[in-house]
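Read it beside the model.

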Amino acid sequence: MSEQTLDLRRSAQILRRHKILVGIVVILGALAGGVYAAGNPPLLTSTALVILPQSAQAQQGAAVIIDGAADPYTLTQQVIMTSNIVLHGAVPHVRPAMSVDKLRRAISVGILTPYVISVSAKGKVASDAEAMANAVARSYMSYVGSARSPIGRVPAQLLEPATSATGAPLGSLLVDVLAGAVSGMLIGVISALAIGRNDRRLRERDAIADSIGVPVLASICVAQPSDAAGWMKLLADYAPGAVDAWQLRKALHQLGLMGMNSSDPRAGGFSLAVLSLSTDRKALALGPQLAALAASVGIPTALVIGPAQDANTAATLRAACAAGAGSAGSAGSAGSAGSAGSAGSAGSAGSGPPKRSRQLRVAVADDPHVGELPGAALTVVVAVVDGKAPRVADTMRTTATMLGVSAGAVTAEQLARIAVSAAVDGREIVGILVADPDPADRTTGRVPQVARPGLRRMPTRMTGTTTEIRH
């Protein structure tokens, strides 16, 4: 029962994730139903009534209905009305033009009373249905009233001509549209479940954490700047909501960084690399947002855009940081990261770039062996690696390494490749940051217990040596 419940829960999550797909297929199904209804409009029915003379029936000795069945005479008239000779006589007067067999399928003859026979005709157009019913009725009266009649002349009369057609075109249209929408919904649901169950990308925090055995330290919404100006605005004006701010604070606390300042003995001694995949563009914003949040809580922070396997992924971010560093008097290139200017001097009033917090500095470094940034208590290095063939060794060496991933953008295999590459290079991934978590995800990401205050061994600066830091 629990497995069934979990399966239903997973199916519901898949449908929520693919609700746009399901909605599109439902709309397409409804449109298909509407097109079908337009191409096959409902048939309208028109009826003409023919009355037989009572004297003719009396001569046959059967003018009553016995046990609910019509008398043989009336049944004979019904057969004559649908005979080939009567329909042949009606064909020239019906529209659209049709064969005798098609006309026979389009009409129905019924007995209302021992004296009245009805002939009903169906057509797409009301006037066609009326003409068809009247043509058959008149052809019948002409035939049975002539000398050719096998039962003698019967002076039948037209009691009521077909003058109106009935039907429910709007109702039929709605039925067709509804049927198309229901069919589309079924197709959409089946397609979504098939796609979702074959999708190996990780969406839940626990699944992401379990893939490499590393906890998710924070999951936040991220911005997606499309140009350098957007990145500069993000670094200057980043103001996360209460939930995201708390998540980032918890991540800093897990790393033992909360409360650091320029006079702290650890200042300049902690650097953090945030690795993301070249195919996961949203995750690129995790490092800058973490750096901006750290600066906003008073931690002197440097944001460094390090070497990347895919330069195009971080091109606009590199341009923004190079411009920010350059405007503060730094070249913003390898070896000059340490001279990157503080945000307080970035840009001039008016037309210059937006001013960042004085606690946040930016730099671009192409040398994986670049040294420390003086005065920065925390250095956040943003690096991009290839998910298929990651080369973590080509990125800057830092005190600690974290992975930045987007929910639903990476697979366990991709994360494992990065973890193996980091391990081969002697680096340990200490945590994961998740961008844009799935709203339906109720897992925690295996958040570790808060460490007791005490000694913590970690590499110092970006050189790989160790020192003891009390927190």
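## A pair within one helix

Asp 101 and Arg 104 form a salt bridge, with their closest N and O atoms 3.4 Å apart. A salt bridge here is a side-chain nitrogen of Lys or Arg within 4 Å of a carboxyl oxygen of Asp or Glu. Both residues sit in helix H6, three residues apart, so about one helical turn separates them. Helices (H or I, at least four residues) are DSSP runs, numbered from the N terminus.

Asp 101 is partly exposed at 47% relative accessibility. Arg 104 is partly exposed too, at 29%. The classes are buried (under 20% relative accessible area), exposed (over 50%) and partly exposed in between, with a 1.4 Å probe and protein chains only.

## Basis of the model

This is a predicted model: local features need pLDDT of at least 70, side-chain atom pairs count only at pLDDT 80 or more, and totals for chains, interfaces and linings use all residues. Residues are numbered from 1 along each chain as its sequence is written, and side-chain values use heavy atoms, leaving out hydrogens and water.

## Pairs across the chain

The structure holds ten salt bridges. One of them joins Arg 95 and Asp 128 (3.3 Å, N to O). This pair links distant parts of the chain: Arg 95 is in the loop between helix H5 (84–90) and helix H6 (100–106), and Asp 128 is in helix H7, 33 residues apart. Arg 95 is partly exposed at 41%, whereas Asp 128 is buried at 14%.

Arg 200 and Glu 413 also meet in a salt bridge (3.5 Å, N to O). Arg 200 lies in the loop between H8 and helix H9 (205–212) and Glu 413 in helix H14 (residues 412–424), so the pair ties together parts 213 residues apart in sequence. Shared partners join Arg 200, Glu 413 and Arg 417 into one network of salt bridges.

Asp 176 lies in helix H8 (residues 169–198). Asp 176 is buried yet has no salt bridge. The nearest side chain of opposite charge, Lys 124, is 12 Å away.

## A helix crossing

The axes of helix H11 (residues 242–254) and helix H12 (residues 286–296) come within 10 Å and cross at roughly 85 degrees. Axes are lines fitted to C-alpha atoms, for helices over the stretch in contact, and angles run from 0 to 180 degrees between N-to-C directions.

Methods. Helix = DSSP H or I, 4+ residues; strand = E, 2+ residues; numbered from the N terminus. Lys, Arg positive; Asp, Glu negative; His and termini not counted.
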